[in-house]
Amino acid sequence: MITLLVVAAVVIIGIIILYNQIVGNLNRAKRAWSDVITYEKLKQDVIPQLTKLTDNFKEFESDFIEKVTALRESISVLDKDDIDVKALANVETKSKAVFSSFKATAENYPELGSTKIVQDLMDEISDKNENVAAAITIYNRSVEHFNNSIEMVPYNVVNSLFARKQQLDNFHQSGTVESYDYKPNF
């Protein structure tokens with residue numbers, strides 16, 4: 001009788017430990033997602049400076065403002081509580097379009113490209129993009145760890161019976177994985 005109670009207690013404690021690890025892994029992935037969104041939203045601090053700076057140039061491409069507006073709107077849709085990698089991919093695509101357009105314009109207009117302000121903004125944009133890339137890497141690793149924790153035995157048993165958490169999606173930039181020629185033979 002005591003042996004049965006000890007075994008039951010060990011099983012219950014084991015289930016609790018596994019359940020808590022699954023929840024902890026999910027929370028870690030959510031935190032990583034939140035960091036990605038925070039870094040994306042920090043890009044919005046640079047956008048008004050870019051717009052103000054470029055307003056002084058009459059010949060500036062008119063679609064730049066449209067691209068900036070689209071980027072702002074796509075960033076504002078991102079939500080820390082809702083993991084949506086498609087929305088993030090949309091932001092990354094629009095972000096690249098805005099900042100490459102700005103870089104090209106700075107190169108086409110020497111008086112714009114040579115100013116210290118432009119150089120500082122370009123450096124700040126580069127830093128923010130590096131932060132986003134690092135945060136996405138951490139997010140993807142957290143997602144992998146969480147997904148492994150709900151797929152591997154004995155975690156998958158605890159997940160299917162108690163936690164019932166679904167796999168999360170990794171983020172990958174559109175066009176990067178598809179255009180890469182090497183395919184591992186898993």
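Trainee: How many helices and strands are there in the protein chain?
Mentor: This predicted model has 7 helices and 0 strands in the protein chain. From the N terminus on, the elements run α-α-α-α-α-α-α.

Trainee: What share of the residues is buried?
Mentor: Of the 186 residues in the protein chain, 34% are buried.

Trainee: Which residues have the most contacts inside the largest nonpolar core?
Mentor: They are Leu 50, Leu 71, Leu 88, Tyr 139 and Phe 171, in a core of 38 residues. At least two residues of this core come from each of α1 (2–42), α2 (47–54), α3 (63–77), α4 (85–108), α6 (116–151) and α7 (155–163).

Trainee: And which helix supplies the largest share?
Mentor: That is α6, with 9 residues of this core.

Trainee: What does Leu 50 touch?
Mentor: Setting aside residues up to four places away in sequence, Leu 50 touches Phe 64, Phe 99, Phe 102, Leu 121 and Ile 125.

Trainee: A new topic: at what angle do α1 and α7 pack?
Mentor: The angle is about 85 degrees, and their axes lie 9 Å apart. An angle from 65 to 115 degrees counts as roughly perpendicular, so α1 is roughly perpendicular to α7.

Trainee: Which residues make that contact?
Mentor: From α1, Ile 15, Leu 18, Tyr 19, Gln 21 and Ile 22 take part; from α7, Tyr 155, Val 158, Asn 159, Phe 162 and Ala 163 do.

Trainee: How many of them are nonpolar, polar or charged?
Mentor: The contact of α1 with α7 has 8 nonpolar and 2 polar residues, and no charged ones.

Methods: Residues are numbered from 1 along each chain as its sequence is written. This is a predicted model: local features need pLDDT of at least 70, side-chain atom pairs count only at pLDDT 80 or more; totals for chains, interfaces and linings use all residues. Side-chain values use heavy atoms; hydrogens and water are left out. A nonpolar core is a set of buried Ala, Val, Leu, Ile, Met, Phe, Trp, Tyr and Cys residues joined through side-chain atoms within 4.5 Å. Buried means under 20% relative accessible area, exposed over 50%, partly exposed in between (1.4 Å probe, protein chains only). Helices (H or I, at least four residues) and strands (E, at least two) are DSSP runs, numbered from the N terminus. Contact means heavy atoms within 4.5 Å. Axes are lines fitted to C-alpha atoms, for helices over the stretch in contact, and angles run from 0 to 180 degrees between N-to-C directions. Angles under 35 degrees count as roughly parallel, over 145 as roughly antiparallel, 65 to 115 as roughly perpendicular and the rest as oblique. Ala, Val, Leu, Ile, Met, Phe, Trp, Tyr, Cys and Pro count as nonpolar, Asp, Glu, Lys and Arg as charged, and the others, Gly among them, as polar.
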